[in-house]
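Biologist: Hi! Could you walk me through this one? I have a few quick questions.

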Amino acid sequence: MPDLLLELFSEEIPARMQRRAAEDLRKLVTDALVERGFLYEGAKAFATPRRLALHVAGLPARGQDVREERKGPRVGAPEGAIQGFLKSAGLASLDEATIVSDPKKGEFYVAVIERPGRETIEVLAEILPAIIKSFPWPKSMRWGAASREPGSLRWVRPLHSIVASFGPETETPEVVPFAIDGVEIGFTTRGHRFLAPQAIEVRRFADYLPALERAFVVLDADRRKDIILHDARDLAFARGLDLVEDEGLLEEVAGLVEWPVTLMGAFDERFLSIPPEVIRATIRANQKCFVLRGAPGPDGRERLANAFILVSNLVASDGGAAIVAGNERVVRARLSDAAFFWETDRKVKLEDRLPRLDTIVFHEKLGTQGARVARIASLARALAPVVGANPDLAERAARLAKADLVTEMVGEFPELQGLMGRYYAAEQGEDPTVAAAIEEHYKPLGPSDRVPSGPVSVAVALADKLDTLVGFWAIDEKPTGSKDPYALRRAALGVIRLVLASEARISLRAQIATAASGHGRDSGAFAEDLLAFFADRLKVYLRDQGARHDLIDAVFALPGQDDLLMVVRRVEALGRFLDTEDGKNLLAGSRRAANILRIEEKKDGRAYDAAPDPALLSLPEEAALADALRSAGAEAGRAVAAEDFEGAMRALSALRAPVDAFFDTVTVNADDARLRANRLALLHALRAATREVADFSRIGGEGR
Amino acid sequence: MTATDADLQPTRSFQGLILTLQRFWAAQGCVILQPYDMEVGAGTFHPATTLRALGPKPWKAAYVQPSRRPKDGRYGENPNRLQHYYQFQVILKPNPPNLQELYLDSLKAIGVDLGLHDIRFVEDDWESPTLGAWGLGWECWCDGMEVSQFTYFQQVAGFECSPVAGELTYGLERLAMYVQGVENVYDLNFNGREGDEKVTYGDVFLQAEQEYSRHNFEAADTEMLFRQFRDAEAACRAYLKAGEPGPVGEADRQSNDPRHRMAQPAYDQCIKASHVFNLLDARGVISVTERQSYILRVRELAKACGEAWRRTDAGGLAGIVPAA
């Protein structure tokens with residue numbers, strides 16, 4: 001069966017866009033084919049810096065024939081009906097129609113319309129230009145003389161030629177006949193820019209891949225990655241070193257070369273006095289090179305080696321000596337800059353940098369970084385006792401936490417914020433917990449980032465996030481849909497993870513009010529909304545952990561739930577309780593009670609919320625339930641007050657038998673109105689007792 | 001080859017590098033211009049790029065432009081950073097289909113052996129907030145060092161470029177350091193001579209770097225500069241207004257002529273405002289919030305000048321609507 005080979009040959013495609021673009025190309029082409037009824041056996045897409053390629057295997061040569069029978073009017077029907085039929089069926093005269101007779105309806109005309117399936121290559125000629133012209137690049141451009149005209153082709157960088165070949169393996173394939181704005185379409189592509197610049201003729205995928213390899217192009221990005229990783233490890237191993245692996249960098253570097261040639265360079269050992277993270281950031285960000293690990297230092301800590309791995313795109317005539325020398329020059333210049341920053345930054349104490357923060361606006365409506373630091377410091381101090389931190393240290397850490405933003409090093413490498421602060425703090429003799437908190441107060445940065453555990457770090461991390469959340473809520477800049485420019489969802493998740501990991505007992509409502517007062521605001525206007533945001537984030541978090549989100553709703557429905565740790569404990573206890581027989585039955589019973597109450601209260605237009613009258617408990621099951629409710633309710637209440645949620649659940653489980661017995665023997669809607677009212681009041685008391693632990697009406701059904 | 005020719009090898013002298021690039025691009029049909037006689041932050045500000053990139057008329061030019069970056073001054077103490085340095089600027093409108101090959105040929109011309117050195121085109125999208133301009137392209141790397149910027153202009157002064165121009169910017173000092181194999185910019189051989197006759201980059205510029213760093217960071221009269229910014233802004237607007245078509249003075253005999261008549265003098269004032277802003281920024285007297293508003297004010301001037309330019313002969317007198 002025939003194959004399609006498509007290659008879009010252009011100027012250098014940004015590395016970060018290549019993988020996605022190849023995948024988009026595959027999906028767009030195969031979806032368009034399937035939509036038109038053309039099935040295929042397999043499809044794979046590829047990207048290099050200069051080309052996107054797609055191979056679709058096992059396509060039919062043409063689509064399926066379509067045979068359609070269209071029923072027409074009776075034989076002898078009026079002329080108008082006959083003409084309408086001929087026209088709609090596309091027949092020239094009745095001679096082209098067949099006559100079918102039906103015992104009931106008599107004889108009538110039938111048109112048999114046969115449409116041959118379309119040639120696949122024609123369909124491709126329709127599909128491909130449309131996909132190319134509207135390709136979803138994140139950023140695209142116009143170029144050249146064609147860009148005089150509005151609506152000229154857009155591509156990520158100038159597109160030079162296209163290979164579009166279709167045909168079976170055994171025969172000469174054809175060029176898919178379409179045209180795009182003067183881009184050449186045919187069987188011609190080019191190899192490596194420097195190593196094989198001449199034109200190459202390709203016919204089909206089977207010869208395309210080896211032809212490219214001969215022309216110094218490794219088409220498959222994953223293969224390029226494998227080659228780089230393998231060669232880099234070998235080079236490191238030969239020198240007794242270890243490659244510091246970096247998947248993001250590997251992916252990027254593989255998108256910068258068509259023919260990876262891995263080389264090793266070195267730098268002066270004196271630069272190893274710079275913190276290793278700085279060396280790595282310098283070499284990675286500016287040079288896109290890998291760093292290497294050497295033997296551990298005398299203190300047993302890991303040390304970088306004074307060497308790096310670079311990936312070039314050239315088999316150089318001198319074996320790469322000039323390339324290595326050139327890269328070493330640049331690395332040397334960059335590390336000299338970094339060493340200079342490291343030296344000069346340490347000459348100024350962190351606290352002496354604080355006035356500079358007063359000149360930097362954090363947000364137009366939320367004041368300067370300096371004001372922000374002052375707020376976070378006082379909030380950290382207030383939170384310190386709650387998380388078991390020394391208030392002086394928490395305040396000190398918060399005061400210094402943002403000072404590194406105005407150091408030269410962080411100006412150059414923003415990704416080192418926090419870390420540099422930690423180094424500089426340690427250098428100037430700050431308490432180790434203060435130094436650690438300066439780095440860790442940004443954490444956790446996402447669902448998988450580590451949560452700090454040192455109390456001082458936790459206090460500052462919480463203060464930083466609460467101040468941000470409250471500030472943006474106060475000025476009504478909340479996340480909407482996919483837009484969350486200030487990463488507020490991440491901040492709220494951070495608070496949740498910090499609280500749960502440190503088992504901190506925090507009344508969010510109170511802390512929101514405190515944080516708001518730091519902003520000179522009253523939290524009244526937005527506190528509930530922000531709490532609801534936390535509830536939502538917690539739900540997402542717990543759901544990811546496998547908890548039932550209806551249980552979270554059931555707990556949040558109780559008044560005053562603003563202590564995240566207690567909410568989670570309660571949800572956990574509730575979940576476990578509902579897994580027991582007692583729990584399941586009690587849930588069923590309380591649901592039944594709630595249904596009856598809802599119906600009757602609606603019918604009567606009144607609530608049955610008075611306490612049941614003991615004098616009206618006529619049946620033993622009624623009395624037993626009333627007794628059980630009194631004791632279980634009180635016990636559950638006591639347990640909840642003591643934050644013993646397991647105990648509260650245990651207390652409630654004592655209700656199961658009397659509830660079951662009550663429903664088995666007692667008719668709620670008794671003829672005696674007083675008895676009925678009292679029994680409804682009993683059901684109300686059951687609802688009230690269960691509400692000690694959760695709002696059972698929010699809990700979904702079995703296996704939900 | 002005479003002794004002088006050897007001195008002017010691009011691998012031997014800074015001026016030889018410049019002359020080689022000029023000859024190379026002259027051979028491609030570029031007009032070789034001289035630097036614009038005003039202080040600018042980048043070669044792009046030269047009207048031969050900014051204004052000529054607008055409108056339908058073809059244009060090919062190349063020139064050296066001294067670039068002033070007041071904030072980058074290091075009192076002559078940093079071997080790589082200067083507050084005044086040279087860019088070699090090439091603009092080709094529309095860009096020819098083989099612009100990348102031409103660029104690589106120009107590297108060969110200045111002595112970069114493409115069989116020995118690893119040249120790469122690494123994504124770098126260019127944007128000038130003050131010019132209301134952006135384009136897509138690359139940083140061009142030679143053995144890991146950025147030696148040029150390569151940009152396909154998409155928008156300038158807020159207008160779509162139609163056709164698109166290709167712009168190349170060579171960092172001359174960096175490139176010269178590379179081909180001469182020196183580590184410190186001040187050690188560059190300027191004239192290619194040796195011994196007593198040798199003139200280095202430091203001989204020419206070290207004192208200037210020291211003096212201007214002092215000026216830029218410590219002495220520049222901020223009150224005067226603030227005034228100059230306001231004056232330049234007002235003058236730009238005034239010249240744009242005065243250049244509008246219509247019977248303004250006696251000289252005007254064709255009141256129906258739709259052409260704008262003073263786009264370039266107005267644009268000079270925009271350049272002036274931009275440089276004054278850079279000086280104020282280096283003096284540290286513009287706060288972060290104000291910074292944005294100054295950039296916006298310059299951009300508004302650039303847009304207005306671009307709009308006026310499009311109503312001139314060289315601008316193509318095109319009645320095309322501005323891009324959204």
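**A chat about chains A and B**

Modeller: Happy to. Let me begin with a loop: B:P163 sits between β8 (159-160) and β9 (166-171) of chain B. Keep in mind that this is a predicted model.

Biologist: Thanks. What is the peptide bond from B:S162 to B:P163 like, cis or trans?

Modeller: That bond is cis, and its omega is near 5°. Chain A has a cis bond as well, running from A:K443 to A:P444 with omega near -10°. A:P444 is also a loop residue, found between α14 (432-440) and α15 (455-474) of chain A.

Biologist: What about B:Y75, what is its phi?

Modeller: Phi of B:Y75 is about 55°, so that is a positive value on a residue that is not a glycine. B:Y75 lies in the loop between β2 (59-68) and β3 (84-93) of chain B. B:Y75 is partly exposed, since it has 14 other C-beta atoms within 10 Å.

Biologist: Nice. Let's zoom out. How many helices and strands are there in chain B?

Modeller: Chain B has 9 helices and 9 strands. Its C-alpha atoms fill a box of roughly 65 × 50 × 40 Å along the principal axes.

Biologist: How does the radius of gyration of chain B look against a compact globule?

Modeller: It agrees: a compact globule of 324 residues would have a radius of gyration near 20 Å, and chain B has 21 Å.

Biologist: What share of chain B is buried?

Modeller: Buried residues are 46% of the 324 in chain B. As for contacts between residues at least 6 apart in the sequence of chain B, 67% of them join residues at least 24 apart.

Biologist: Which domains does chain B have?

Modeller: The domain assignment gives domain 1 (3-216) and domain 2 (221-309). Taken over C-alpha atoms, the centres of those two domains of chain B are 26 Å apart. Domain 1 of chain B puts 20 residues into the contact, and domain 2 of chain B puts in 19 residues.

Biologist: What kinds of residues does domain 1 use there?

Modeller: On the side of domain 1 of chain B that touches domain 2, there are 12 nonpolar, 5 polar and 3 charged residues.

Biologist: Now the two chains together. How many residues of chain A are in contact with chain B?

Modeller: 33 residues of chain A are in contact with 30 residues of chain B. On the chain A side, the elements giving two or more residues are β15 (304-312) and α8 (321-345). The largest share, 6 residues, comes from α8(A).

Biologist: What is the make-up of that chain A side by class?

Modeller: The side of chain A that touches chain B has 16 nonpolar, 9 polar and 8 charged residues.

Biologist: You mentioned β15(A). Why is it described as largely enclosed by the rest of the structure?

Modeller: Because 8 of the 9 residues of β15(A) are buried.

Biologist: Which strands does β15(A) pair with?

Modeller: One is β13 (residues 261-266) of chain A, which runs antiparallel to β15(A) and is joined to it by 6 bridges. There, A:L263 has A:L310 as its bridge partner. Another is β14 (residues 290-293) of chain A, also antiparallel to β15(A), with 3 bridges. In that pairing, A:F290 stands opposite A:I309.

Biologist: Last one. Where does A:A389 lie?

Modeller: A:A389 is in the loop between α10 (369-387) and α11 (391-400) of chain A. A:A389 counts as buried because it has 25 C-beta neighbours inside 10 Å.

Biologist: What is A:A389 in contact with, beyond its neighbours within four places in sequence?

Modeller: Its contacts are A:A384, A:A394, A:P455, A:V456, A:V458 and A:A459.

Notes:
Residues numbered from 1 in each chain as written. Chains lettered and ligands numbered in written order. Predicted model: local features only at pLDDT ≥ 70, side-chain atom pairs only at ≥ 80, totals over all residues. Helix = DSSP H or I, 4+ residues; strand = E, 2+ residues; numbered from the N terminus. Rg over C-alpha atoms; globule rule 2.2 N^0.38 Å. Buried ≥ 20, exposed ≤ 12 C-beta atoms within 10 Å, placed from the backbone. Contact = placed C-beta atoms within 7 Å. Nonpolar A, V, L, I, M, F, W, Y, C, P; charged D, E, K, R; others polar. Pairing = 2+ DSSP bridges. Domains from an automatic or database assignment.
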